[in-house]
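Okay, hi everyone, thanks for coming. Let me put the structure up, and then we'll walk through a few spots together.

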Amino acid sequence: MATATSKGIAAVKEHIYAWEGKDKSGKIVRGEIRAGGEAIVNVTLRRQGVLVTKVKKKVMRGGKKITDKDVSLFTRQLATMMKAGVPLLQSFDIVGKGHSNPSMAKLIADLRADIETGTSLNNAFRKYPLYFDALFCNLVGAGEQAGILEDLLTRLAVYKEKTLAIKKKIKSALMYPVSILGIAFVVTAVIMIWVVPAFKSVFESFGADLPGPTLVVMAMSDFVVSYAYIIFPGIAAAIYFFLQSWKRSLAMQRRMDLLLLKAPVFGSVIRKAAIARWTRTLATMFAAGVPLVEALDSVGGAAGNALYLDATKKIQNEVSTGTSLTMAMQNSNVFPPIVTQMVAIGEESGALDAMLGKVAGFFEDEVDEAVGNLAALMEPAIMAILGILIGGLVVAMYLPIFKLGAVV
């Protein structure tokens, strides 16, 4: 991190320094500090009554990209440390030193340095929105204000672990058909570019009329061979630009979210996953004491789908004008009756967070079952597609040989 004064003084790059020294009682103490140089480290520690004997700049090796799993693990470890009564700064030291990803260890060290200078925990997290979203920071802030930070961190850890589990299940369900179809594409390309032309040269020596399917496959092969330099780069470019557009364009994301919900077989799983994330997020926020209208700010984005984001904004507007949450959810027309009925019971009994948690658990179980059924359904369907595609090509190329054998 670099800082510079408004008068144009050259920026000073800060580093992490490991130090060792003796405190006022002569006890050997060690630690780490973020500073602009060894001299600053010595001055800072001297003011704290530490006689420095050794200072060494730590070399932060480049690590892997920080993932949601890293953040989830960090949240769980921090919650465990604080529940055990370990002081906050010491908790950061223990968690940071034990992390396997150097990038995450550096992030934890940066957070610790901010907290050490007097920054509140939620404000320290807000400096890194790429890793800690508004939901995370709001819950930490609520925990700090209410004095229940350990409980809120535990709730956050559970929330992140549940959300990651759902995402992992959906990705695993999609990975199998995508990988098989990718292999089928490669095999088909190999047959078209190398195998069919070899058969074609043999068939031309026969001097006989070829069956229709064989002629069609040979024509397709000629086209692929002639325009391979356009077809394959074009397909790769189309996939790349499609994925980039999906990632960067809000309009594209909205269209794809709506299409995915309407997709046969997969749409039901995606809808259940969105409802599970929506209810889990709202349950976590409400249990933390965040007001309902304010909590809905973070809920829409957490669902991960544009349809539910739009519905959440409408629900928030209606709730802010005095409409009950149950009625607002019914008016949105995106939640099944079981969800609104359980929310109604929660509102009437004053246990809304508990009922929302039960709804989330129910739909998480539904996602588990649906993914299992989907995997069982997709396997024979993919085998049938591969059989028709690859088998059709092979049979088309062997028809002339069968015909020649019958003549002989």
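Predicted model: local features only at pLDDT ≥ 70, side-chain atom pairs only at ≥ 80, totals over all residues.

When you have two packed helices, you describe them by the angle between their axes and the distance between the axes. Take helix α8, residues 212-226, and helix α9, residues 228-248: their axes come within 5 Å and cross at roughly 80°. Anything from 65 to 115 degrees counts as roughly perpendicular, and therefore that's what we call α8 and α9.

Who is actually touching whom? On the α8 side we have F223, V224, V225 and S226, and on the α9 side they meet A228, Y229, I231 and F232. If you sort that contact by class, you get 7 nonpolar residues, 1 polar one and no charged ones.

Okay, rings next. How many aromatic pairs does the structure hold? There are 15 of them. One is F199 with F203, with 5.8 Å from centre to centre and 45° between the planes, which makes it a tilted pair. Both of these residues sit in helix α7, which covers residues 149-204, and they are 4 residues apart, about one turn of the helix. And are they buried or exposed? Both F199 and F203 are buried.

Now compare that with F223 and Y227. Their ring centres are 5.1 Å apart and the planes are at 45°, so this pair is tilted. F223 has a relative accessible area of 48%, so we call it partly exposed. Y227 comes in at 39%, so it counts as partly exposed.

There's also a group of rings to find on the screen: F74, F92, F125, F132 and F136 make up one aromatic cluster.

Look for N333, in the loop between α14 (325-332) and α15 (337-349). N333 isn't a glycine, and yet it has a positive phi of about 60°. Its relative accessibility is 67%, so N333 counts as exposed.

The other one is Q316, over in helix α13, residues 306-320. Is Q316 buried or exposed? At 15% relative accessibility it's buried, because the cut-off for that is under 20%. As for its neighbours, if you skip residues up to four places away in sequence, Q316 touches V293, L296 and D297.

Terms used
Residues numbered from 1 in each chain as written. Heavy atoms only, no water. Axes fitted to C-alpha atoms, helices over the stretch in contact; angles between N-to-C directions. Helix = DSSP H or I, 4+ residues; strand = E, 2+ residues; numbered from the N terminus. Parallel < 35°, antiparallel > 145°, perpendicular 65-115°, else oblique. Contact = heavy atoms within 4.5 Å. Nonpolar A, V, L, I, M, F, W, Y, C, P; charged D, E, K, R; others polar. Phe/Tyr/Trp six-rings, centres within 6.5 Å; stacked < 30°, edge-to-face > 60°. Buried < 20%, exposed > 50% of the residue type's maximum accessible area, 1.4 Å probe, protein only.
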